[in-house]
Amino acid sequence: MSIEKGKLVTLLGKNGIGKSTLLRTLSKVQKPLKGDIFIHQKNLTNYSQHELATSLSLVLTERLPTSQLTVFELVALGRQPYTNWIDTLTPTDIEKITWAIELTEVSHIKDRRFYELSDGQLQRVLIARALAQDTEIIILDEPTAHLDIHHTFKVFSLLKNLVETTQKTIIISTHEVNLALQLADEFILLSDEQVYNGNAEKLIEQNAFSSLFPKDLISFNKNLQQFIINKN
């Protein structure tokens, strides 16, 4: 499979199919079970930790360790690949942090402790931290897993807007398939038989979406381009 620069790419598949494993492999958190990964025609195994940290950022769903960090300080951690050994922030670092905070619309809470935030607010702050890291690629593993539908839509809209305004490549795993169908540019769909890769039209032609759920419960409507519950 291949991914173009400047796309919002959604990773879909049933529980246990390997979505998180794939994202951890793409970000070099774990070694490939097999095969190779290339970024700009360079094998991922040949990237140093510093090279990778300035090329790719990662937003996971794990809870943050207890600390007294403010929102600004948490976002500032995204600048670690660029700061010196005593982590002094330069004017450029401050500019990137401020840009990320403004772009994710969390300026009004930048002085609050991160543990005081709602799940939706914290998710935007973690995206801001990845933006402050200023990488071409941002990978997010289930960023809306603990959010209500309102905040889920806000996160998806934010990611779509970031792709359009920054030309970064964003890869996101999600179970919000109907929302992904409306907003994503490309898809990676994992099924038991194969991996599908392409835009919605291509995957609809291949009947790829029909492999996501048991057909007796949920089916994909090609005309509506969304999943519907089958009524008895």
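Predicted model: local features only at pLDDT ≥ 70, side-chain atom pairs only at ≥ 80, totals over all residues.
## Pockets

| Pocket | Space | Lining residues by class | Largest share of the lining |
|---|---|---|---|
| Largest pocket | About 980 Å³ | 16 nonpolar, eight polar, five charged | α1, four residues |
| Second largest pocket | About 480 Å³ | twelve nonpolar, six polar, four charged | β4, four residues |

The largest pocket, with about 980 Å³ of space, is lined by 29 residues, and those closest to its centre are Met 1, Ile 3, Leu 22, Leu 26 and Ile 37. At least two lining residues come from each of α1 (19-26), β2 (38-39), β5 (137-141) and β6 (169-173). Helix α1 provides the largest share, with four residues.

Around the second largest pocket there are 22 lining residues, and nearest the centre lie Ser 57, Leu 58, Val 59, Arg 129 and Gln 133. Here α2 (49-53), β4 (56-59) and α5 (119-132) each contribute two residues or more, and the largest share, four residues, belongs to β4.

## Helix α1

Two of the residues closest to the centre of the largest pocket, Leu 22 and Leu 26, are also among the buried residues of α1, which include Lys 19, Leu 23 and Thr 25 as well. Viewed along the helix axis, the buried residues of α1 fall within an arc of 160 degrees, so they line one face of the helix. The elements against which these buried residues pack are β1 (8-12), β4, β5, β6 and β7 (186-190). Among these partners, β5 and β6 each also supply at least two residues to the lining of the largest pocket, while β4 gives the second largest pocket four of its lining residues. After α1 comes Lys 28, which has a positive phi, near 65 degrees.

## Helix α4

The residues buried in α4 are Asp 93, Ile 97, Ala 100 and Ile 101. Their cover includes α3 (71-76) and α5, and α5 also supplies at least two lining residues to the second largest pocket. On the face turned away from the buried side, α4 carries the exposed residues Pro 91, Glu 95 and Glu 102.

Ile 94 also belongs to α4. Leaving aside residues up to four places away in sequence, Ile 94 touches Phe 72 and Leu 89. Leu 12 is 82 residues from Ile 94 in sequence, and their C-alpha atoms are 36 Å apart in space. Following α4, Glu 105 has a positive phi, near 60 degrees.

Methods:
Residues numbered from 1 in each chain as written. Heavy atoms only, no water. 1 Å grid on protein atoms, 1.4 Å probe; cavity = no way out; pocket = protein on both sides within 12 Å on 5 of 7 lines; lining within 4 Å. Points joined across faces, edges and corners; volume = space filled by probe spheres on them. Nonpolar A, V, L, I, M, F, W, Y, C, P; charged D, E, K, R; others polar. Buried < 20%, exposed > 50% of the residue type's maximum accessible area, 1.4 Å probe, protein only. Contact = heavy atoms within 4.5 Å. Arc of directions from axis to C-beta.
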